Amino acid sequence: MRVNVDLRLKDVPGQLIGALEPVSKNDGNIVGVVHSHDQVSAGRIGVNLTFEVSNEKTLDKIFSEWREKGVDILKIDQLFETFTLEYVIVGDVSPAEMKRITDGIQALGDVESIDVRYSISSSNERAALISGKVRKKETIKLANRFMRERSKKAGFLIVRGFGD
Amino acid sequence: MDVVLVGFGTVGQGVAESIYLKNNLFQEGFGDDLRVVAAFDSKTYVIDKKGLDPIDLVKAKTNKGVIGQRRKEDIKDMLPEIEYDVLVEMTPTNIVDARPGLDHFRAALSAGKDIVTSNKGPLALKFRELSRLAQKNRCMMRFEASVGGATPVINLASELLKCERISSIRGIMNGTCNFILSRMESEGLPWEPALREAQQMGFAETDPSYDIDGIDSACKVAILANAIMNKDVTVHDVERTGIRGINLDAVNLAAQEKKVVRLIGEITEKGVEVAPRLIPRGHPLSISGTLNTFHIQTDLAGEITVAGRGAGRYETASAVMSDLWALMRARKGSAHRH
């Protein structure tokens with residue numbers, strides 16, 4: 001899991017290294033650190049830290065070690081890595097078929113967002129773009145399989161994204 | 001090194017001319033040259049164990065339409081009677097039963113002769129059988145010209161990247177499809193006029209199914225999967241979707257997302273596939289025009305991309321010549337000239 005936290009540290013040398021230590025000691029992976037030197041308040045300085053840990057138990061251990069070190073934890077956000085789903089559909093792009101597709105993809109779970117956009121065309125040739133974000137790479141595989149089955153049933157052509 | 005040329009169409013003539021043009025390099029490099037001791041076109045043949053003049057063969061084909069006297073037997077039955085080292089097999093690809101190329105392959109390999117080929121059929125349908133036959137008879141089968149024309153993807157991956165673990169090969173493997181999709185995107189041409197333009201320019205056949213339905217790309221995917229990624233597949237195992245039906249709306253929707261539609265052949269650990277895909281602009285596989293492009297993912301080197309002309313008389317001959325060079329080197333040791 002990926003976590004983003006706002007910390008307040010004493011504005012004295014060595015505090016930042018001390019704050020990062022519990023993360024590295026518990027096999028966490030530090031992704032980014034923003035150290036706000038210009039925002040000192042009541043002798044404390046703000047640090048925004050993004051890191052990855054394997055589970056919540058490890059995360060709790062890191063929080064507990066921060067408290068012992070006198071580090072203030074102001075805000076905690078759990079972040080999810082997302083993967084892009086993308087299909088251009090050529091053929092039957094009726095609203096009913098698009099709803100069947102978006103409902104089917106939503107039902108796979110771990111879907112953050114899904115959108116449909118239709119082409120603007122004066123001809124009979126139509127196409128639609130289905131794009132979305134999912135939280136697991138595995139969901140893209142499931143969605144690809146679902147789309148292949150739908151394309152066989154409904155007879156449309158799929159142009160798949162390149163992210164899988 | 002004595003060679004037999006089988007197939008004397010565009011590629012065969014290009015190879016004959018290239019042998020004439022480049023034989024001095026073989027002589028300088030190895031102290032030996034390439035002697036064409038027999039040549040076959042679809043109906044006629046000519047044999048001379050002292051060596052034939054390759055340019056005379058091309059002239060005969062151009063002026064008379066044939067290169068020699070009419071054959072009464074199949075080529076496969078005549079090959080055992082000829083003394084040679086390498087069969088250069090350049091008959092047209094047939095993916096129904098791979099014949100007559102497959103018969104020529106079997107005749108040569110069974111007799112312990114090396115093969116250089118541009119013919120996809122036998123490789124896309126019978127790769128494992130032919131590899132085993134070559135191994136059993138201690139001979140070599142080289143086929144750079146069968147995939148990507150002049151683009152040296154097979155020899156790059158199987159020789160220069162020998163120490164890499166290759167996890168995927170993705171590529172634009174058919175110049176005709178790429179030309180059609182590029183024209184739709186850049187000129188706003190609908191499908192039919194873009195296809196007609198490709199036919200008028202000689203990129204697409206009158207019956208374009210072999211290209212646009214992804215069959216040609218699927219053959220190349222099967223060959224790369226067997227030769228480079230050690231799979232055991234035929235063209236029939238490749239999941240295949242062509243570009244027939246891609247319309248201008250689809251191309252325009254992709255463009256709004258800063259993407260292009262390209263027919264991509266793909267070999268990964270999970271499978272083999274040919275399908276139209278959405279490629280981000282600027283990616284090496286978003287290339288326009290008729291070039292073939294291969295994008296190889298490796299563990300040490302990372303991503304490697306190689307692009308080149310995928311078809312043509314001299315382009316395909318270039319790949320055949322590099323394979324003939326490799327066979328000469330295997331026989332003679334390293335070239336004297338570096």
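This is a predicted model: local features need pLDDT of at least 70, side-chain atom pairs count only at pLDDT 80 or more; totals for chains, interfaces and linings use all residues.
Q: Why is chain A called more spread out than a compact globule?
A: The globule rule gives 15 Å for 164 residues, whereas the radius of gyration of chain A is 23 Å, well over that value, so chain A is more spread out than a compact globule. Its C-alpha atoms fill a box of roughly 70 × 30 × 20 Å along the principal axes.

Q: What makes up the domains of chain A, and where are their bounds?
A: Domain 1 covers 2-79 and domain 2 covers 83-160. The centres of these two domains of chain A, taken over C-alpha atoms, are 41 Å apart.

Q: What makes up the secondary structure of chain A?
A: Chain A has four helices and eight strands, in the order β-α-β-β-α-β-β-α-β-β-α-β along the sequence.

Q: What makes a residue of chain A count as buried, and what percentage do so?
A: A residue is buried if 20 or more other C-beta atoms lie within 10 Å of its own. Of the 164 residues of chain A, 27% count as buried.

Q: Which residues touch the most other members of the largest nonpolar core?
A: They are Val88(A), Ala39(B), Val88(B) and Ala222(B), in a core of 125 residues. Helix H10 of chain B, residues 215-227, gives the largest share of this core, nine residues. A second, separate core has 13 residues, among them Leu7(A) and Phe51(A).

Q: How do you know that Ala39(B) is in contact with Phe8(B)?
A: Contact requires C-beta atoms within 7 Å. Beyond its neighbours within four places in sequence, the contacts of Ala39(B) include Phe8(B), Tyr45(B) and Ile67(B).

Key:
Residues are numbered from 1 along each chain as its sequence is written. Chains are lettered from A and ligands numbered from 1 in the order in which they are written. A nonpolar core is a set of buried Ala, Val, Leu, Ile, Met, Phe, Trp, Tyr and Cys residues joined through C-beta atoms within 7 Å. A residue is buried if 20 or more other C-beta atoms lie within 10 Å of its own, exposed if 12 or fewer, and partly exposed in between; C-beta atoms are placed from the backbone. Helices (H or I, at least four residues) and strands (E, at least two) are DSSP runs, numbered from the N terminus. Two residues are in contact if their C-beta atoms, placed from the backbone, lie within 7 Å. Domain bounds come from an automatic or database domain assignment. The radius of gyration is taken over C-alpha atoms; the globule rule is 2.2 Å times the number of residues to the power 0.38.
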